[in-house]
Amino acid sequence: MSRLWTRTLGALLSLVTLLVVAAPFGVSWYLADLRRHVSGQRDTPVTRVDPADLRRFAETAGRLPGRAAPVVVAYHDIRPHGDDPAATAPAGREHYVVTPEAFDAQLTALGSAGYRTISSAQYVDYLRGGSVPARSVYLTFDDGTRGLWAYADPILKRHRMVAASYLITGQVDTHRPYYLSWAEISRMSRSGRWDFQAHTHDLHTRVQTAPGQLGSPLTHRRWEPATGTRESLAAYRQRLTADFDAMFTAFTAHQLPRPRLFAYPFSEIGDVTTDPEAAAFSRDLIAARFVGALTNKSLAPEPSSRRSAADGQVERAEVYATTGAAELVSAVVERTAVPAVVTDPFARAWDWRDQHGEPMTELSPLTAGRFTTDSPRRAYGTLLAYASADWTGYTADATVRGLRTDGGTVTLLVGVNGDATVSVRVAYGRVALLRAGRVVAEAALTPAAGHRIAVTVRDGETVARVDGGPVLRVVTPTGPGATGGLAVAIDDAQGRPHPSVAALTVTTIG
């Protein structure tokens, strides 16, 4: 018995000795493995923003309503330029890398302007008709880069703000340290500062879509050089469905909630000209599986509004390496919805966008009949292109002047960028109501150089009257896709000075 006990005790002592000797190696292995999957965080210094600038940010946003549709902001990576050679962005993507100092200043500026951040769940609730939160921004980060964990997360914590990362799930844990790891994503999720949404599983790339052309494999069928044909529609549908299934599986496998929002890779929403079948299928697939889809580029302003959501895309304010705090605040303010009440629309040129969608620098082509050398026959401007997306139930009242017998027209467009755009075109002695470029109603006017135009827009109907004369009426679509703002177009190929708008107001109707 004594001998057995001695042998047992010896074995236990040997095991304890082995554990003591091996423990440092085990801990070392564990820590090394942890470092491979969880990189360190960098608590960067607070960026000082000039108090005068902060007051200006507050004043800039001061004319906005306290509650408005959330503005969506698009980032990519946050890290110092040249931080880690191994984490260098892919070629051509460095201009999307925002430094921690700039990011900190931007969040300070947004807070000073009265904006707060919201989560994806809050944004989804808004898109589904829920109550609008206080003036807010929804911060989104495409691709899922490590800089979000290493640099952005401590800054969000400092500002008590939240954000969403749109993951390319097939890239997570690859090309380290450029992309996030699942271990880092888990920690970010547990912090309560982050949620995670969809950016495809493995379709964030460029492929040949036609001879000599590259495009997104999400919204285009692949070109098969060996056969000289495009991928079949059946194969394309199967490929997209499989990618989305793999993405959802990855979210589930790593205990993340199912994503409810989608961001288009490269903001390519589909080419309805060259591949309409692919464009239609991808849009339908996304609409069936997500509450909303985001892009950074659209043919017309598609801000955060229910009209845009119904159209299958929401346009974000994109942040670049060169974007300053003041520039970001201006972009967010421009996209903040306002009610249909404008008493002095010509007070600020930057409230208008020209026919190319660029901010106008002067309004004399609209208000003084002085066309530019770049556009000698036409002037065009959209008022509050982003902020008016959900307008309906309003009256635009305009006074026009300078009409001549030899030509020239002034057109007031309402419901702009929506499904119910109507044009009221006034010429010397004539007024016409147009829908989709076709005249639907017209009337003679008392010949005069000037007239007063009143256009009332309701859900399902637009009514126009010139100088209090006969009513011209047209039925329009209803619903969230039928809202929109106001534009002015002046066309004149003949005389000078050209016709112009002497006065304009917008008022809400009951």
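Reader: Is Arg353 buried or exposed in this predicted model?

Author: A residue is called buried when its relative accessible area is under 20%. Arg353 has a relative accessible area of 14%, and therefore Arg353 counts as buried.

Reader: With which residue does the side chain of Arg353 meet in a salt bridge?

Author: To read such a pair, look for a side-chain nitrogen of Lys or Arg within 4 Å of a carboxyl oxygen of Asp or Glu. Here the partner of Arg353 is Glu334, and the N to O distance between the two side chains is 2.7 Å. This pair links distant parts of the chain, since Glu334 belongs to helix H10 (residues 325-334) while Arg353 belongs to strand S16 (residues 352-353), 19 residues apart.

Reader: Where in the chain do Arg452 and Asp397 lie, and what joins them?

Author: The side chains of Arg452 and Asp397 meet in a salt bridge of 2.7 Å, taken from N to O. This pair, too, links distant parts of the chain, with Arg452 in strand S23 (residues 451-458) and Asp397 in strand S18 (residues 394-401), 55 residues apart. In accessibility, Arg452 is partly exposed with a relative accessible area of 48%, while Asp397 counts as buried at 18%.

Reader: How many residues are in the largest nonpolar core, and which have the most contacts inside it?

Author: The largest nonpolar core holds 107 residues, and Tyr75 and Phe103 are those with the most contacts inside it. If neighbours within four places in sequence are left aside, the residues in contact with Tyr75 are Val98, Phe103, Gln106, Leu139, Thr140, Phe141, Asp142, Val319 and Leu328.

Terms used. Residues numbered from 1 in each chain as written. Predicted model: local features only at pLDDT ≥ 70, side-chain atom pairs only at ≥ 80, totals over all residues. Heavy atoms only, no water. Core = buried A, V, L, I, M, F, W, Y, C linked by side-chain atoms within 4.5 Å. Buried < 20%, exposed > 50% of the residue type's maximum accessible area, 1.4 Å probe, protein only. Contact = heavy atoms within 4.5 Å. Helix = DSSP H or I, 4+ residues; strand = E, 2+ residues; numbered from the N terminus.
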